[in-house]
Amino acid sequence: MAAKTLTIDGKPISAEEGATILQASEEAGAKIPTLCHLDGVYDVGACRLCLVEVTGVPKLLPACTTTVAEGMDVKTDSERLRRYRRMILELLFAERNHVCAVCVSNGHCELQTLAYNHGMDHVRYDYLFPKWGVDNTHPLFGMDHNRCILCTRCVRVCWHIEGAGTKNVSGRGAQARIITDLNIPWGESDSCTRCGKCVQACPTGALSHKGSTVGEMERDRGKLEFIVLAREKKQWVTAD
Amino acid sequence: MKVRLATVWFGGCSGCHMSFLDLDEFLIDLAEKIELVYSPVVDTKEYPEGVDVCLIEGAICNEDNLELLQKIRQRTRVLVSFGDCAVTGNVPAIRNQLGLGNEESVLQRAYIENAQHNPSLPREDGIVPPLLPRVMPVHEVVHVEHYLPGCPPPAERIKALVSQMLSGVEPKLEGAALKFG
Amino acid sequence: MGDAMILSDLTQIKARELAARKKVVLRVCLAAGCMSSESKGVKERLEQAVAEAGLQEEVEVRGVGCMKLCCEGPLVQADPENALYIKVTAQNAPSIVAALKGGKAEVARTDPDAPFFKRQLGIVLANSGIVDPERIESYIALDGYQALHEVLHEMTPKEVVDAMVASGLRGRGGAGFPTGLKWGTVAKSPGAKKYVICNADEGDPGAFMDRSVLESDPHAVLEGMAIAAYAVGADQGFIYVRAEYPLAIARLQNAIKQAKQLGLLGSGVFESPFNFNIDIRIGAGAFVCGEETALMASVEGKRGTPRPRPPFPAESGLFGCPTLINNVETFANVPAIYRNGAEWFAGIGTEKSKGTKVFALAGKIKNTGLIEVPMGTPLRVIVEEMGGGAPDGGRIKAVQTGGPSGGCIPAQHLDTPVDYESLGKLGSIMGSGGMIVMDESTKMVDVARFFMEFCMDESCGKCIPCRAGTVQMHNLLEKILQRKATVRDLLKLEELCDMVKHTSLCGLGQTAPNPTLSTLRFFRNEYEELLQPDKFGPPGNGGPRESARTP
Ligand SMILES: Cc1cc2nc3c(=O)[nH]c(=O)nc-3n(C[C@H](O)[C@H](O)[C@H](O)COP(=O)(O)O)c2cc1C
Ligand code: SF4
Ligand code: SF4
Ligand code: SF4
Ligand code: FES
C-alpha cells in the first residue's frame with residue numbers, strides 16, 4: 001500500500017494509505033481524545049471529541065473516521081478544540097446522572113479522565129437529572145442507564161465481535177437508550193451469550209460486573225463460621 | 001492583615017469539613033494567616049460583611065440555604081465550591097430525579113416511611129426550612145470563583161488550593177489534583 | 001406489461017388525448033389541501049351537474065393537482081373562460097355548471113391574473129393544476145416522457161450529465177449542491193450496481209412543496225428519475241416518502257404501475273437497452289431520515305441515523321453501491337431541462353442560481369399557498385405583491401426561510417433576491433422551500449425556541465453536541481422567555497450555538513442553531529429585553545454586590 005506523508009501538530013510523519021488521522025496521530029505522539037472509538041471495532045464518529053483542524057478544510061474533521069491524505073496538515077490541539085471538547089464533556093455530565101461518588105467506575109472511568117484532562121472542574125450547564133432506570137436482571141452484569149453516554153461501543157462489540165446482536169439503540173434524541181434485543185430485560189435475553197464483551201467495552205460505569213457496584217456487596221458469613229469452627233473445634237465443615 | 005475566611009455547610013454530609021480538619025498541623029500555619037470569621041466550627045451566628053474567602057460545602061437544598069448563599073455572595077470576595085455536593089449537587093441532588101415537586105415524597109420517605117419513632121413531618125414555622133423544588137449546585141445560584149471537587153476532597157488538595165490562594169496565585173487544580181468522587 | 005413503447009406510440013397517445021379534449025374543462029383541485037376541505041365532493045357534484053345538464057359531450061370535469069392559492073380552496077378553474085372559483089362547496093358547485101349555459105355562478109371568484117399567479121413561472125409546477133395526476137395519458141398529452149425518449153435515443157449518458165452541468169441546476173433539497181456535478185460523480189464511480197433515490201421525506205415543519213409535486217404531477221418525478229438513472233448507469237430507483245403522505249404514496253404507486261404498463265419503466269425502455277425500476281419506501285416521518293445517509297440506512301432496514309461523510313453516497317451509498325440521491329423538486333425539473341434544452345434553463349434565474357424555486361408561502365400574509373418563482377425574485381415581490389402583505393394592515397417584520405435549518409430575514413432586507421448566496425449572506429438558507437412570513441406580533445425569541453424544540457425532538461441522538469446541546473439550548477431559550485435568565489445565560493447560549501454548529505455530525509445539528517443565531521443577529525434587543533439583572537453574577541455584570549467585592 002502506498003504511504004502518505006502528512007504533518008500532525010507540525011511533525012512530519014508517514015502513514016499507510018487508508019489509515020485514519022487517529023491511527024496516524026499515534027505515530028506522531030499526539031494524543032487525540034476519543035470516547036466512541038474503540039480499537040478493534042469500526043468507528044461511528046459520534047462523540048465528536050476527536051475533531052481536529054485540517055489546514056484548508058473549513059470544517060472540523062473527526063480523526064477516527066477521516067483517512068489521511070497526502071500533504072495533509074493536521075492540528076490536534078488548539079484553544080478552540082479544547083473549548084469545544086470541554087463543552088462536549090460538560091454536556092455529557094449534565095445529560096444523565098453521573099454521581100461519581102457512588103459509581104462503580106469512579107477512578108477508572110474514561111469520561112472522568114477526559115474531564116480532568118480538559119480541566120473540567122465544574123459543569124456550566126444545568127444538570128437535567130433525568131429519570132433513568134437500572135437493569136439488574138442479568139445474572140452476571142448490570143446496566144445503569146444513568147451513566148450511559150450512548151457511545152454504542154457495547155452495541156458494536158456485541159454485533160461485530162461477539163456476533164450476538166443483543167445490544168441495540170432505541171429512541172431518538174435525549175430519549176435514545178441502549179436496549180436488549182427488542183427492548184426486553186437483559187436477563188430474559190436468549191441472544192446474550194454472557195460473554196461480557198460489552199462490559200469490557202464500556203467507557204463508563206454504565207455496564208458493570210455484578211457485585212461490584214456500591215451497595216451490592218454480598219457477604220458470605222458462612223466463611224466466618226467455618227474458620228471459627230475450624231479454629232476452636234478443629235472441625236472443617238462448610239455450611240452446605 | 002489576615003485573610004478573613006469563612007466556611008459554610010449546606011446540604012452535605014460534613015465530610016468536606018472533616019477533610020478540612022484533616023489538614024492537621026497545616027491548620028496551625030493557617031491560623032497565622034487567616035481569621036476564621038464564620039464556620040460550623042466557630043460560634044458566629046450572623047454571616048459577617050467583608051469576607052475574603054468562603055469555602056462552601058454542600059448543595060443548595062432548602063430556602064435557608066438559598067437565602068444564606070445569596071447573602072454570602074454579597075458579602076464575600078471569593079467563593080469556593082468545596083466538594084462534590086457544592087460542585088455537582090452529588091448525592092443530595094439525586095432526589096431531583098423524581099422530578100419537580102418531589103418535596104412531599106422526599107419528606108414522606110424520610111420522616112414517615114423510615115421513621116422508627118413518632119413518624120411525623122417536621123413543619124415548625126421558622127425552624128424547619130421548606131425544601132426547594134430542585135436541589136442545585138452552588139454555581140447554579142451564584143457566581144463561584146473556584147471549584148474544589150472531591151467526595152470529599154482530600155486534605156492535600158484543600159491545602160494546595162488554600163495555599164495557592166493565600167500566596168496570591170490564581171488557584172487552579174490540574175492533573176491528579178482534579179478529581180470527582 | 002405491454003410491448004415496448006416507441007415514440008410513435010407516445011405521439012399517438014398524445015394525439016388521442018388532444019382529440020378527445022372537450023370544449024370546456026372544469027379543473028378541480030384534488031391535492032391534499034383542497035381534499036381536506038372536501039374537494040372530492042365538489043368534483044362529484046360537478047360531474048353530476050354536468051350529467052344533469054346533459055353536457056357530458058362538451059364539459060370535462062378533471063381532478064387535478066395543486067392550483068397554488070391553497071388558502072382559498074377548494075379551487076375550481078373553468079377553461080377556456082379562465083374563471084377561478086374559490087372556496088367551492090358541494091352545495092354551490094352546480095351553479096358553476098349553470099354558469100356555463102349563461103346562468104350565474106353563486107361562487108366567489110378570484111382573479112387568475114392577479115400578481116399571485118402572474119408572477120409565477122412554472123417549470124416544476126408547470127403541469128400542476130392542469131394535468132390529471134392519476135392518468136399517465138394526461139401527462140403524455142403535455143409532452144410527458146418525450147424527454148426520456150430523446151435522452152435514451154439521442155444522447156450518451158455523458159452528454160446527459162454534461163447537459164445537466166450546463167443547465168446549472170442545483171439541488172432543491174436544501175443545500176443547493178450542483179446537480180450535474182453530483183450526476184457526474186455517480187456516473188464515474190465504479191460499480192456494476194448503482195441506485196437512484198428520490199428524497200421525498202420532506203420533514204420541515206410547514207413545508208409541502210414536495211408533497212404537492214408528487215400529488216399533482218408524479219410522472220414528472222418518475223421521468224426525471226429515469227433520465228438520471230440513464231445518466232449515472234443505475235437500474236433501480238427508490239422513492240423515500242413519509243407515511244404521513246398517503247395521497248402522494250397512492251398517486252406514486254398508481255403512476256409507477258401505469259408507467260410500467262406502458263413500458264416507460266421496467267426493462268428495455270423505449271426499445272433501448274435501458275432498464276429501470278422504481279420502488280417506494282415509506283418512512284416513519286423522522287426529520288433526520290431526510291438526511292441522505294440516514295435515509296439510506298432506513299432504506300436498508302437499519303436505524304435511520306446519519307453517518308460521517310466521506311464516503312459520500314455518490315461513491316458508497318445504498319448497500320455500499322454508488323448512489324444518486326436528489327430531492328423531489330430537483331427531479332421534477334429534469335424533464336423540462338431536456339425538453340427545452342440546458343441553455344433555456346440556464347437563462348432563467350441568476351448567475352449562480354438557475355431556474356425557479358417552489359415555496360410554501362405561509363404565516364402572517366394574505367395569500368398563502370404554493371408559489372414557483374424565478375430565482376432572484378426579490379423577497380418583497382413575493383411577500384408584498386404576490387402574498388398581498390400582512391393581513392389586517394399589519395406590518396411585516398421578518399421572513400423565515402429554510403425552516404429549522406434557516407433564519408429570519410428582517411423587513412429591512414426585503415429587497416434581497418431569493419438565491420442561494422444572498423440568503424446565505426443574511427445567515428439564512430434557501431432550504432427546501434418553507435417560507436413563513438411574520439408580522440409585528442411575532443416574538444422572535446419564541447420563534448427561535450420553536451425551531452430549537454423541533455430540532456431537539458428530531459435529533460437522532462447519535463452525536464453528543466446535537467443530542468445534548470439542543471436540549472441545553474432549548475432550556476436556555478425557555479429560561480430567557482420565562483424572564484429568568486441573565487446575561488450569563490445568553491453568553492452560554494451563544495457559545496453553545498457556535499459549538500453545536502461546528503461539531504455536530506450531520507446537517508441537523510450543524511444547522512439547528514441557525515434560527516437562534518439569525519434572530520440574535522437581527523433582533524438581539526428582543527433577547528436583551530427579557531434578561532434579568534445578574535444580581536449574583538461575577539463582577540462587571542452590574543449586580544448590587546459590586547461594592548462588597550472591591551475590598
Ligand atoms: C436533517 C436533514 C434533513 C433533510 N431532509 C431532507 C428532505 O426532507 N428532503 C430532501 O430532499 N433533502 C433533505 N435533506 C438533504 C439531503 O441530505 C440531501 O442533501 C438531498 O436530498 C440531496 O438532494 P438535492 O441535491 O437534490 O438537494 C436533509 C438534510 C438534513 C441534514
Ligand atoms: S460513569 Fe464515570 S463520570 Fe459517570 S458517575 Fe461514573 S465515574 Fe463519574
Ligand atoms: S452502555 Fe457503556 S458502552 Fe454502551 S453505549 Fe452506554 S456508555 Fe457506551
Ligand atoms: S447532528 Fe443530530 S441528527 Fe445529526 S447525527 Fe448528530 S445527533 Fe443525529
Ligand atoms: S472518537 Fe471520533 S467521534 Fe468519537
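This is a predicted model: local features need pLDDT of at least 70, side-chain atom pairs count only at pLDDT 80 or more; totals for chains, interfaces and linings use all residues.
Local features need pLDDT of at least 70, and side-chain atom pairs count only at pLDDT 80 or more, whereas totals for chains, interfaces and linings use all residues. Residues are numbered from 1 along each chain as its sequence is written, chains are lettered from A in the order in which they are written, and side-chain values use heavy atoms, with hydrogens and water left out.

Rings of Phe, Tyr and Trp (its six-membered ring) pair if their centres lie within 6.5 Å, and planes under 30 degrees apart count as stacked, over 60 as edge-to-face and the rest as tilted; over all chains, 14 aromatic pairs result from this rule. One of them is formed by Y116(A) and F180(B), whose ring centres are 6.2 Å apart with the planes at 10°, so the pair is stacked. Because Y116(A) belongs to helix α3 (residues 110-117) of chain A and F180(B) to the segment after α6 (155-166) of chain B, this pair joins two chains; helices here are DSSP runs (H or I, at least four residues), numbered from the N terminus.

Buried means under 20% relative accessible area (1.4 Å probe, protein chains only), so Y116(A), at 13%, counts as buried, and so does F180(B), at 3%. Ring pairs also bring in F93(A), which forms a cluster with Y116(A) and F180(B).

In chain C, F274(C) and F276(C) make a stacked pair, 5.9 Å centre to centre with 20° between the planes, and both residues are buried.

Charges also meet rings, a charge sitting over a ring if NZ of Lys or CZ of Arg is within 6 Å of the ring centre and within 35 degrees of the ring normal. R96(A) lies over the face of W132(A), 3.9 Å from the ring centre, and K167(A) over that of W186(A), at 3.4 Å.

How values were computed:
Buried means under 20% relative accessible area, exposed over 50%, partly exposed in between (1.4 Å probe, protein chains only).
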